[in-house]
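Hi,

Here is the structure I promised to pass on.

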Amino acid sequence: MLYIFVCEDNAVQRKAVVQTIHNTVLMEEMDMRLVLDTANPYELLEAVKTSQNTGIYFLDIDLKCDMNGMKLAQQIRKYDPRCFIIFITAHSELSYMTFQYRVEAMDFVLKDNPAEAKVKIRECLLHAWERHTLQTNKVHKTYTIEIGERKISVDYQDILFFETSSNIHKVVLHAKDRQIEFYGTMKDLEHTLDDRCFVRCHRSFLANRNNIKEVDTKERVIYFVNGETCLMSTRMMKGI
């Protein structure tokens, strides 16, 4: 999923941008979600710091603030290096500033012509989705766990399932060759992991559908490629 952020100090113009985004995402059925629209660049930046997904950012250049859109884009890149940045401006001549600030912008949307701006925003969303899809298919996906000062990355292809631990607020990752216990919740994992690979099969289990070998619907048991098993609830059987 791609997250969408809008930072525009003019409330009327911001509302128009948001409406166009909603309409486009709905009509094109893209896996995107508008997370935040605001006039405050610092509010947006705080949201970016905690975001787990690649973002599309529509940024006004002149934000009537000590942080303009270019500076904001610089900061965003630190936390979301694969993001898509689109500047919204009434001044096309400011495009040279992207080189000055070393910001890679996907496009510029000019405010002067509202009808043309709608078309441009739609094109940007479609282009971002196309590029994101290509990147996702090419990137070797991993899940990274932080335990104290350690960071452990496990390939998606090696993960069998996640299980709620008997230790409170902890989850156990079952991989083909090891198990790792760490702080987390099933709800957080569902929002973080790629739902094309992982499916909730039980309140205590989240399975990697690519490593399922067999499903016993009578006993409600899932068998994985290495012989391990997990439970499957009747309610969640349809998802499997």
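A word on domains before anything else: their bounds come from an automatic or database domain assignment. Also keep in mind that this is a predicted model.

The assignment gives domain 1 as 2-137 and domain 2 as 142-239. Taken over C-alpha atoms, the centres of domain 1 and domain 2 are 34 Å apart.

Now the inside. The largest nonpolar core has 22 residues. Ile-4, Ile-21, Met-32, Ile-56, Phe-58 and Leu-125 are the ones with the most contacts inside it. At least two residues of this core come from each of strand S1 (2-7), helix H1 (11-28), strand S2 (32-38), S3, strand S4 (84-89) and helix H5 (114-138). H5 gives the largest share, five residues.

Take Ile-56 as an example: leaving out residues up to four places away in sequence, Ile-56 touches Leu-2, Tyr-3, Ile-4, Phe-5, Met-32, Phe-84, Ile-86, Leu-125 and Ala-128. Another core, of 21 residues, lies apart from that one, and Leu-36, Leu-44, Leu-59 and Ala-73 are among its members.

Is Thr-54 buried or exposed? Its relative accessible area is 15%, and buried means under 20%, so Thr-54 counts as buried. Beyond its neighbours within four places in sequence, Thr-54 has contacts with Met-1, Leu-2, Tyr-3, Asp-80, Arg-82, Cys-83, Phe-84 and His-132.

Cheers

Note on methods
Residues are numbered from 1 along each chain as its sequence is written. This is a predicted model: local features need pLDDT of at least 70, side-chain atom pairs count only at pLDDT 80 or more; totals for chains, interfaces and linings use all residues. Side-chain values use heavy atoms; hydrogens and water are left out. Buried means under 20% relative accessible area, exposed over 50%, partly exposed in between (1.4 Å probe, protein chains only). Contact means heavy atoms within 4.5 Å. A nonpolar core is a set of buried Ala, Val, Leu, Ile, Met, Phe, Trp, Tyr and Cys residues joined through side-chain atoms within 4.5 Å. Helices (H or I, at least four residues) and strands (E, at least two) are DSSP runs, numbered from the N terminus.
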